[in-house]
Amino acid sequence: MFCHPPLRGNDGNSLRATIMRVNKDDLVVVLSGASRNKGATRDKRYRILTVDKENGMVTVEGVNVVQKAVRRSRRNPRGGMLSMEMPVAASNVQVVCPKCNKPTRVGARFSDDGAKYRICKKCNADISQIAPAKKKKVVNQ
Ligand SMILES: [Zn+2]
């Protein structure tokens, strides 16, 4: 069995930040991880709430929800139980293509004007733009 060497950052210790192909407000399916035991199913689509690129984690609406006891405070005058989403590893979720409506791997492509797009590896449709088009020099004629 082939094993990848562990990814190390420049300091030799920290894990290198993984390339994140998920963005906020993407629809995803949950593939694996503890969150699946907490109500997530493979067929259901969830929305990404936050993306933590440094740790490779995402929080997903309705996935890995924990009950947290909070004291009375100005923000929560009554205190009590608060449910909140805990982060899950980004590798445990897969983006759902808005065009073909299937969970897919995400690729990238450049258009002619230099803009970068995320694309669906299944139907090659653009999912969203990553980088804007490069500005062209205006030539006076
Ligand atoms: Zn697609």
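## Basis

Residues are numbered from 1 along each chain as its sequence is written. In this predicted model, local features need pLDDT of at least 70, side-chain atom pairs count only at pLDDT 80 or more, and totals for chains, interfaces and linings use all residues.

Strands here are DSSP runs of E, at least two residues long, numbered from the N terminus. Two strands pair if DSSP finds at least two bridges between them.

Strands of a sheet pair through backbone hydrogen bonds, either parallel or antiparallel.

Strand 1 and strand 2 run antiparallel and are joined by 2 bridges. Here V28 stands opposite Y46 in strand 2. Strand 2 and strand 3 are also antiparallel, with 4 bridges. I48 stands opposite V60 in strand 3, and V51 has V58 of strand 3 as its bridge partner.

## The nonpolar core

A nonpolar core is a set of buried Ala, Val, Leu, Ile, Met, Phe, Trp, Tyr and Cys residues joined through C-beta atoms within 7 Å. A residue is buried if 20 or more other C-beta atoms lie within 10 Å of its own, exposed if 12 or fewer, and partly exposed in between; C-beta atoms are placed from the backbone.

The largest nonpolar core has 17 residues, of which V22, V28, V30, V58, V60 and V93 touch the most other members. Strand 1 (27-30), strand 2 (46-52), strand 3 (57-60), strand 7 (93-95) and strand 9 (116-120) each supply at least two residues of this core. The largest share, 3 residues, comes from strand 1. The core lies between domain 1 (14-96) and domain 2 (105-132), because both give residues to it. Domain bounds come from an automatic or database domain assignment.

V93 is in contact (C-beta atoms, placed from the backbone, within 7 Å) with V22, V28, V29, V30, L31, V58, V60 and V88, leaving aside neighbours within four places in sequence.

## The strand 4 and strand 5 pair

Strand 4 (residues 65-70) pairs with strand 5 (residues 80-85) in the antiparallel sense over 6 bridges. A69 has M81 of strand 5 as its bridge partner. Of the 6 residues of strand 4, the number buried is 0, so this strand lies largely in the open.

Another open sheet has 3 strands in the order 8-9-10, with antiparallel pairing. Strand 8 and strand 10 (126-131) are its edge strands, each pairing on one side only. Neighbouring strands of this sheet are turned by 30° against each other on average, direction ignored. Axes are lines fitted to C-alpha atoms.

Strand 8 and strand 9 pair over 5 bridges in the antiparallel sense. V106 has C120 of strand 9 as its bridge partner.

## Two asparagines with positive phi

N64 is not a glycine, yet has a positive phi of about 60°. It lies in the loop between strand 3 and strand 4. N64 counts as buried, with 22 C-beta neighbours inside 10 Å.

N101 is not a glycine either, and has a positive phi of about 60°. N101 is found in the loop between strand 7 and strand 8 (106-110). With 11 other C-beta atoms within 10 Å, N101 is exposed.

Methods. Contact = placed C-beta atoms within 7 Å. Axes fitted to C-alpha atoms, helices over the stretch in contact; angles between N-to-C directions.
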